Amino acid sequence: MGESKTLPTYFCRNCENPLALGEDLISKKFVGASGPAFMFSHAMNVVVGPKIGKKLLTGSYVVADVMCSKCGEKLGWKYVETFNLKQRYKEGMFVIEMLKMNKK
């Protein structure tokens, strides 16, 4: 049988709460309020805040802030809805800022 490779997991930098699996990483080319950010298809142990309309670099979106479920640290956002068909792939994705997480 083939050797199983364990993928890295990302954790809250503040409290070490697990946030995302390496296999769920979609892109490292995002920018958040504190700098570089990663987009994930799934996130765990997070609280999703209320939906708000926001104008971002690539257009208008409905997004929701994403916070750590353990310490409450604001980590990034979740794309809820977009009005640009070319950006529709982002819907349901999570963006977490690099400065808010550790990789193990």
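Biologist: With which residue does R88 form a salt bridge?
Modeller: This is a predicted model, in which local features need pLDDT of at least 70 and side-chain atom pairs count only at pLDDT 80 or more, while totals for chains, interfaces and linings use all residues. Residues are numbered from 1 along each chain as its sequence is written, and side-chain values use heavy atoms, with hydrogens and water left out. A salt bridge here is a side-chain nitrogen of Lys or Arg within 4 Å of a carboxyl oxygen of Asp or Glu. For R88 the closest N and O atoms are 3.4 Å apart, and the partner is E91.

Biologist: Is R88 buried, exposed or partly exposed?
Modeller: Buried means under 20% relative accessible area, exposed over 50%, and partly exposed in between (1.4 Å probe, protein chains only). The relative accessible area of R88 is 40%, so R88 is partly exposed.

Biologist: How far apart are the closest N and O atoms of K100 and E73?
Modeller: K100 forms a salt bridge with E73, and their closest N and O atoms are 2.9 Å apart.  The pair links distant parts of the chain, 27 residues apart, with K100 in the loop between β8 (94–97) and β9 (101–103) and E73 in the loop between β6 (59–68) and β7 (74–82). Strands are DSSP runs (E, at least two residues), numbered from the N terminus. To return to the distance asked for, it is 2.9 Å.

Biologist: Which residue forms a salt bridge with K74?
Modeller: K74 is partly exposed at 42% relative accessible area. The closest N and O atoms of this salt bridge are 3.5 Å apart, and the partner of K74 is D65.

Key: Helix = DSSP H or I, 4+ residues; strand = E, 2+ residues; numbered from the N terminus.
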